[in-house]
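Here are my notes on the two-chain model you sent over. I went through the interface first, then the symmetry, then the salt bridges.

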There are 2 protein chains.
Amino acid sequence: MEPPKTILDIADFFRRLPSVGSRSALRMAYACLSLPREDLETFSHVLQDALTKVHRCPTCGLLIDVEKCPICSDPKRDSGLLMVVTSPKDVLAVEACGAYSGKYFVLDGTISLAQHRTLESTGVSRLVATVKKGGIREVICCTGNDLEGDTTALLIGQCLRDTGVKITRPASGLPSGAVLEYADPATLSKAIQGRVKVSEDKEE
Amino acid sequence: MEPPKTILDIADFFRRLPSVGSRSALRMAYACLSLPREDLETFSHVLQDALTKVHRCPTCGLLIDVEKCPICSDPKRDSGLLMVVTSPKDVLAVEACGAYSGKYFVLDGTISLAQHRTLESTGVSRLVATVKKGGIREVICCTGNDLEGDTTALLIGQCLRDTGVKITRPASGLPSGAVLEYADPATLSKAIQGRVKVSEDKEE
């Protein structure tokens with residue numbers, strides 16, 4: 001026996017969210033229907049609301065549901081520093097660490113030939129145009145520490161080579177609190193290659 | 001910085017579904033917003049649809065989105081057998097194993113004093129009334145193999161003692177494919193206590 005079509009439809013939606021398998025999706029759909037009716041109605045309206053209210057800030061690409069982007073419109077932030085990330089969520093992580101006070105540029109994912117994500121579709125071309133307008137002294141490529149993130153950072157570096165703007169990446173190495181014994185070889189070799197003098201700051 | 005309120009609202013909803021923590025909920029909310037706009041609209045409508053269409057079958061308690069319950073209205077099923085389960089999902093699991101051809105009675109969870117689930121609120125009183133109407137020769141209590149499930153089965157047995165109807169439970173023991181070495185002590189001791197003669201059927 002199949003579950004009712006309406007329940008399968010709800011499960012189908014959940015199935016498309018990250019780390020939800022088909023069994024979990026079905027469990028979630030059933031759980032949905034055992035929630036109070038008002039809550040489901042509210043959620044359906046919240047989704048509709050999101051569709052009308054949430055949009056990307058035209059300057060930095062952050063997802064916002066207000067007119068003025070809180071970061072772009074903050075006069076206290078250093079507009080000479082531009083951090084490039086690949087998802088609006090990344091901004092939350094960087095803001096949470098409290099070590100950054102510049103502006104952001106949110107790409108639409110990393111560049112990937114396999115997944116047809118190009119300079120144009122990820123927004124790198126728009127980034128280059130923004131930097132060429134001037135006023136930025138450093139672009140920090142926080143595009144992720146995997147193959148695609150590295151490639152994206154490299155391509156951004158090439159695209160911006162002639163602008164004279166400093167292009168940096170966050171340091172690669174051992175995570176805070178790491179035990180040497182359990183560090184993976186790739187991380188450890190990056191940490192050794194990028195070793196710094198004790199009590200030396202990497203900033204030039 | 002906080003994520004936009006609309007995104008937090010979506011995450012709040014996901015957070016209430018089974019095995020979704022707050023980090024996953026936020027990741028799912030962001031993933032939601034990167035799905036095609038039409039899909040979100042469809043989902044919002046599907047939810048509204050579910051609210052109007054999905055209801056419990058007044059006879060067995062199964063969740064259905066059609067007028068006639070496919071199980072209650074099936075003349076080929078044995079209406080002398082009534083399997084009691086505690087959730088509409090359980091019916092799917094039993095149907096999938098193909099070993100049952102009777103009818104169902106879906107309770108609203110197990111009886112639990114701690115969670116204020118009583119004979120009345122779980123539907124056991126309604127079950128007793130159904131059985132007393134006659135026509136049922138066996139009630140199979142598939143209420144789960146934990147403390148609450150055991151208690152619920154026991155209480156159903158007590159409530160139906162005077163009806164003369166046979167009350168059974170599915171056999172407890174080693175799951176199919178189990179390796180003795182890894183069986184948990186509770187399962188193993190139940191399997192030993194409930195041991196059966198080789199090539200003997202438990203049915204009287």
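1. Let's start with one helix pair. In α4(A), the residues A:Pro88, A:Lys89 and A:Leu92 meet B:Leu26, B:Arg27 and B:Tyr30 of α2(B). By class, this contact of α4(A) with α2(B) splits into four nonpolar residues, two charged ones and no polar ones. Keep in mind that this is a predicted model.

2. Now the geometry of that pair. Two packed helices are described by the angle between their axes and the distance between those axes. Here the axis of α4(A) and that of α2(B), which covers residues 22–33 of chain B, come within 10 Å and cross at roughly 145°.

3. A:Leu26, A:Arg27 and A:Tyr30 of α2(A) meet B:Pro88, B:Lys89 and B:Leu92 of α4(B). As for the axes, α2(A) and α4(B), the latter spanning residues 88–97 of chain B, come within 10 Å and cross at roughly 145°.

4. What relates chain A to chain B? A rotation of 180° with 0.0 Å of shift along its axis superposes chain A on chain B, at an RMSD of 0.1 Å. The two copies are therefore related as by a two-fold rotation axis. Which residue of chain A comes closest to the rotation axis? That is A:Ser44, with its C-alpha at 2.4 Å. Both copies use the same surface, and 100% of the contact residues of chain A recur in chain B.

5. On to the interface as a whole. In total, 50 residues of chain A are in contact with 51 residues of chain B. The size of an interface is often given as the accessible area lost when the parts come together. Chain A and chain B bury about 4700 Å² between them, with 75% of it on carbon and sulfur atoms.

6. How many residue pairs are in polar contact across the interface of chain A and chain B? The rule finds 13, counting pairs with both residues at pLDDT 80 or more. On the chain A side, at least two residues each come from α1 (5–15), α2 (22–34), α3 (37–53), β2 (63–64) and α4 (88–97). Of these, α3(A) gives the most, with 14 residues. Sorted by class, the side of chain A that touches chain B has 32 nonpolar, five polar and 13 charged residues.

7. Last, the salt bridges. Over all chains, a search of the whole structure finds 19, and the count between chain A and chain B is two. One salt bridge joins the side chains of B:Arg16 and A:Asp39, at 2.5 Å from N to O. Within chain B, the side chains of B:Asp9 and B:Lys5 meet in a salt bridge at 2.7 Å, N to O. B:Asp9 and B:Lys5 both sit in helix α1 (residues 5–15) of chain B, four residues apart, or about one turn of the helix.

Key
Residues are numbered from 1 along each chain as its sequence is written. Chains are lettered from A and ligands numbered from 1 in the order in which they are written. This is a predicted model: local features need pLDDT of at least 70, side-chain atom pairs count only at pLDDT 80 or more; totals for chains, interfaces and linings use all residues. Side-chain values use heavy atoms; hydrogens and water are left out. Contact means heavy atoms within 4.5 Å. Buried area is the accessible area (1.4 Å probe) that two parts lose on being put together, summed over both. A salt bridge is a side-chain nitrogen of Lys or Arg within 4 Å of a carboxyl oxygen of Asp or Glu. A polar contact is a pair of N or O atoms within 3.5 Å; within protein, one must be able to donate a hydrogen and the other to accept it, and residues adjacent in sequence count only if both atoms are side-chain atoms. Ala, Val, Leu, Ile, Met, Phe, Trp, Tyr, Cys and Pro count as nonpolar, Asp, Glu, Lys and Arg as charged, and the others, Gly among them, as polar. Axes are lines fitted to C-alpha atoms, for helices over the stretch in contact, and angles run from 0 to 180 degrees between N-to-C directions. Copies are superposed by least squares on the C-alpha atoms of residues with pLDDT of at least 70 in both.
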